[in-house]
Amino acid sequence: MTTPTTPPETPGTPAPILEVRGVQKIYQGKQRNVEAVRDLTFSIAAGEMTCIVGPSGAGKTTLLKCVAGLLDTTAGEIVLEGERVTGPPRGMAVVFQEYGRSLFPWLTVRQNVELPLKEKNLPKADRESLVDEALAAVGLADVHGAHPWQLSGGMQQRVAIARAVAYEPHVLLMDEPFAAVDAQTRGELEDLVRALWKRLGVTVLFVTHDIDEAVYLGQRVIVLSMSPTVVLADVAVDLPEQRDQLHTRSLPRFAELRAKVYELIQQSKRGVRPGSGDEHEQPGTAVAADTQSGSM
Ligand SMILES: Nc1ncnc2c1ncn2[C@@H]1O[C@H](COP(=O)(O)OP(=O)(O)OP(=O)(O)O)[C@@H](O)[C@H]1O
Ligand SMILES: [Mg+2]
């Protein structure tokens, strides 16, 4: 659900598709309140692929839930396509990490993918062709009659991606979608997401713990501070658009960007916040190979 809002007056620049403006989220508990997110502001251009990284507990899932309209913000606002988000917006789809819980075990793969389309009031034939296309796009055309529990973890996550894609969202939110699959499947799913992103022109906001994944996937990596969360840094990923697991990951620039994001996350974990004078990456920051890990 969205309500109209006044677009910002910035002549000459295209309006962003998604704006997060001064968002604060405090969870109100019986015993205590938790300020998960303090003041987040950033905007995403239409068609952009943005990754969000930050320490565990930084509020990444909280942010995504607010953007998806599943949680109310305590302060600030989220604006999607010029309208303030006050509930799950029509133009958005979400893929969470727990594919096992997000698919209905009593429905077939096809029925799972088709389910959200029912609220769009499309003719049955259109629904069926959207489901067929989405399942083919994720390489699952031949298992449409199976139930999720008959599939591997990677295949189940493909079903969740197909369901999101079939819905034809303008914005696709993904919260650590590949955290539970093996490394090889993960690489394949990353390439699948990039291929779908390019083909469909969808705007993607992708949360991950994995620094390599963020640099490999993103055009931009937003690094969050520790909770209560603000944006610590916004790193442009100036790698060639054409990416593949072997060559892109062996580029010197990939290693530099990885080291840069790694160093920013270390700063974040040390409690560095914007304005403290320590948050800017030093170009070419040397991070000893044995202290680098691909994830946080
Ligand atoms: N429903 C809730 N009620 C109270 N506090 C919550 C709730 N959900 C999250 N929190 C708190 O908000 C903060 C941010 O949590 P969140 O799950 O958004 O972090 P995250 O960055 O997604 O972490 P991770 O990387 O481990 O997934 C944490 O301190 C967490 O304990
Ligand atoms: Mg999370």
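A residue counts as exposed at 12 or fewer. N121 sits in the loop between α3 and α4. The phi of N121 is near 55°, which is positive, and this is a residue other than glycine. For context, most residues other than glycine have a negative phi, and most peptide bonds are trans. I'll come back to both points.

Before going further, please keep in mind that this is a predicted model.

A word on the chain as a whole. The protein chain has 296 residues, and 38% of them count as buried. The secondary structure comes to 9 helices and 11 strands. Taking the contacts with a separation of 6 or more, 72% are between residues 24 or more positions apart.

Most of what I have to say concerns helix α5, residues 153-166.

Is α5 enclosed or open? Of its 14 residues, 11 are buried, so α5 is largely enclosed by the rest of the structure. The buried residues are Q156, Q157, R158, V159, A160, I161, A162, R163, A164, V165 and A166. Note that R158 and R163 are in that list. The cover over these buried residues includes two strands, β7 (92-95) and β8 (171-175). It also includes the helices α2 (99-102), α3 (109-114), α4 (124-137) and α6 (183-200). After α5 comes E168, with a positive phi near 55°.

Now two of the helices that pack on α5. Two packed helices are described by the angle between their axes and the distance between the axes.

Take α4 to begin with. The axes of α4 and α5 come within 8 Å and cross at roughly 135°. The two helices are therefore oblique to each other. The crossing in which α4 passes α5 is right-handed. On the α4 side the contact is made by L130, V131, A134, L135 and A137, and on the α5 side by A162, V165 and A166. By class, that contact has 8 nonpolar residues, with no polar and no charged ones.

Then α6. The axes of α5 and α6 come within 11 Å, with a crossing angle of roughly 15°. So α5 and α6 are roughly parallel to each other. This crossing is right-handed too. From α5, the residues that take part are G154, Q157, I161 and V165, and they meet T185, L189, L192, L196 and L200 of α6. Here the count by class is 6 nonpolar, 3 polar and no charged residues. As a reminder, an α-helix has 3.6 residues a turn, so residues three or four places apart point the same way.

Another covered helix is α1, residues 60-67. How many of its 8 residues are buried? The number is 6, and α1 is mostly covered. Those residues are K60, T62, L63, L64, C66 and V67. Following α1 is G69, where phi is positive, near 75°.

Back to the loops. E176 is not a glycine, yet its phi is positive, about 45°. It lies in the loop between β8 and α6. Is E176 exposed, partly exposed or buried? With 19 other C-beta atoms within 10 Å, E176 is partly exposed; buried would need 20 or more.

E48 is found in the loop between β3 (33-44) and β4 (49-53). Because E48 has 19 C-beta neighbours inside 10 Å, it counts as partly exposed. Leaving aside neighbours within four places in sequence, E48 is in contact with T203, Q219 and R220. K198 is 150 residues from E48 along the chain, and their C-alpha atoms are separated by 9.9 Å.

Last, the peptide bonds. Where is the cis bond I have in mind? It runs from S227 to P228, with omega near -5°. P228 belongs to the loop between β10 (220-224) and β11 (231-236).

That's what I have.

Definitions and conventions:
Residues numbered from 1 in each chain as written. Chains lettered and ligands numbered in written order. Predicted model: local features only at pLDDT ≥ 70, side-chain atom pairs only at ≥ 80, totals over all residues. Helix = DSSP H or I, 4+ residues; strand = E, 2+ residues; numbered from the N terminus. Contact = placed C-beta atoms within 7 Å. Axes fitted to C-alpha atoms, helices over the stretch in contact; angles between N-to-C directions. Parallel < 35°, antiparallel > 145°, perpendicular 65-115°, else oblique. Left-handed = near helix turned anticlockwise from the far one by under 90°. Nonpolar A, V, L, I, M, F, W, Y, C, P; charged D, E, K, R; others polar.
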